[in-house]
Amino acid sequence: MGNKNKERARGWMIIAALNGFMVVGMGAYGAHGLSGQADYLVDSFNTGVQYQMWHGLALMGVAWMVQQTGNLYIRLSGAAFTLGNITFSGTLYVFGMTGDVPFQGAAPAGGMILMAGWVLLAFGSWRERGRD
C-alpha cells in the first residue's frame, strides 16, 4: 500500500505545482494585463487568484496526507479543490477579463465545491484518528 500512496501523493503534488505555476501567471496578468478594466472586474479577477492560491496550498497538504494515509476522503478533497478552483477561479478570471459570466451560477457552485473539499478533508482526517 505504501507505493500506491506514494504514487497517488506524487499525482496530487504535480497538480498542486501546476496550480501554483498557473496562479503566479494569472496574478501577474491581473497586476499588469488588466489595466484599464473597471475596478470591480480587477477585484473579481484578483479574488480568483487568491482563492486559487490558497487551494493550491491545500492541495500540497492533500498530497502529504495521501502519502501518509491513502484515505479516500482526503483524495476526494483534492478532487474537490481542483474542480472548485477550475469552476470558481476560472469563472472569475473570465469575468475579470471580459466582463461576461461564462455560465450563470458557476462561481457560487465552484465555491460550494471548494467548501465540500474542506468538509471531505476534515472527515478524512477525523477517520484517521487512532490509526497510528
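Buried residues (under 20% relative accessible area with a 1.4 Å probe, protein chains only; exposed is over 50% and partly exposed lies in between) make up 39% of the 132 residues in the protein chain. This is a predicted model, in which local features need pLDDT of at least 70 and side-chain atom pairs count only at pLDDT 80 or more, while totals for chains, interfaces and linings use all residues. Residues are numbered from 1 along each chain as its sequence is written, and side-chain values use heavy atoms, with hydrogens and water left out.

**Overall layout**

- The protein chain has 4 helices and 0 strands; helices (H or I, at least four residues) and strands (E, at least two) are DSSP runs, numbered from the N terminus.
- Read from the N terminus, the order of elements is α-α-α-α.
- The C-alpha trace spans about 55 × 25 × 20 Å along its principal axes.
- Of the contacts (heavy atoms within 4.5 Å) between residues at least 6 apart in sequence, 76% join residues at least 24 apart.

**Surface and charge**

- The accessible surface of the protein chain, by the Shrake-Rupley method with a 1.4 Å probe, comes to about 7600 Å², and 66% of it belongs to carbon and sulfur atoms.
- The chain has 8 positive and 6 negative charges, whose mean positions are 21 Å apart; Lys and Arg count as positive and Asp and Glu as negative, with His and the chain ends not counted.
- Each charge is placed at NZ of Lys, CZ of Arg, CG of Asp or CD of Glu.

**Nonpolar cores**

- A nonpolar core is a set of buried Ala, Val, Leu, Ile, Met, Phe, Trp, Tyr and Cys residues joined through side-chain atoms within 4.5 Å.
- The largest nonpolar core has 16 residues, and those with the most contacts inside it are Trp-12, Val-62, Val-66, Ile-74, Phe-81 and Leu-121.
- Two or more residues of this core come from each of α1, α2, α3 and α4 (106–127), and α2 gives the most, with 6 residues.
- Val-66 is in contact with Asn-5, Arg-8, Ala-9, Trp-12, Ile-74 and Arg-75, leaving aside its neighbours within four places in sequence.

**Aromatic pairs**

- The structure holds 7 aromatic pairs; rings of Phe, Tyr and Trp (its six-membered ring) pair if their centres lie within 6.5 Å, and planes under 30 degrees apart count as stacked, over 60 as edge-to-face and the rest as tilted.
- Tyr-29 and Phe-45 form a tilted pair, 5.9 Å centre to centre with 55 degrees between the planes.
- This pair links Tyr-29 in helix α1 (residues 2–32) to Phe-45 in helix α2 (residues 39–69), 16 residues apart.
- Tyr-29 counts as partly exposed at 35% relative accessibility, whereas Phe-45 counts as buried at 0%.
- Tyr-51 and Phe-88 are also tilted, at 4.8 Å centre to centre and 45 degrees between the planes.
- Because Tyr-51 lies in helix α2 and Phe-88 in helix α3 (residues 72–98), their pair ties together parts that are 37 residues apart in sequence.
- Tyr-51 is partly exposed at 38% relative accessibility, while Phe-88 is buried, with a relative accessible area of 13%.
- Tyr-29, Phe-45 and Tyr-93 form one aromatic cluster.

**The loop between α2 and α3**

- Asn-71 is found in this loop and counts as buried, at 6% relative accessibility.
- Leaving aside neighbours within four places in sequence, Asn-71 is in contact with Gly-124, Arg-127 and Glu-128.
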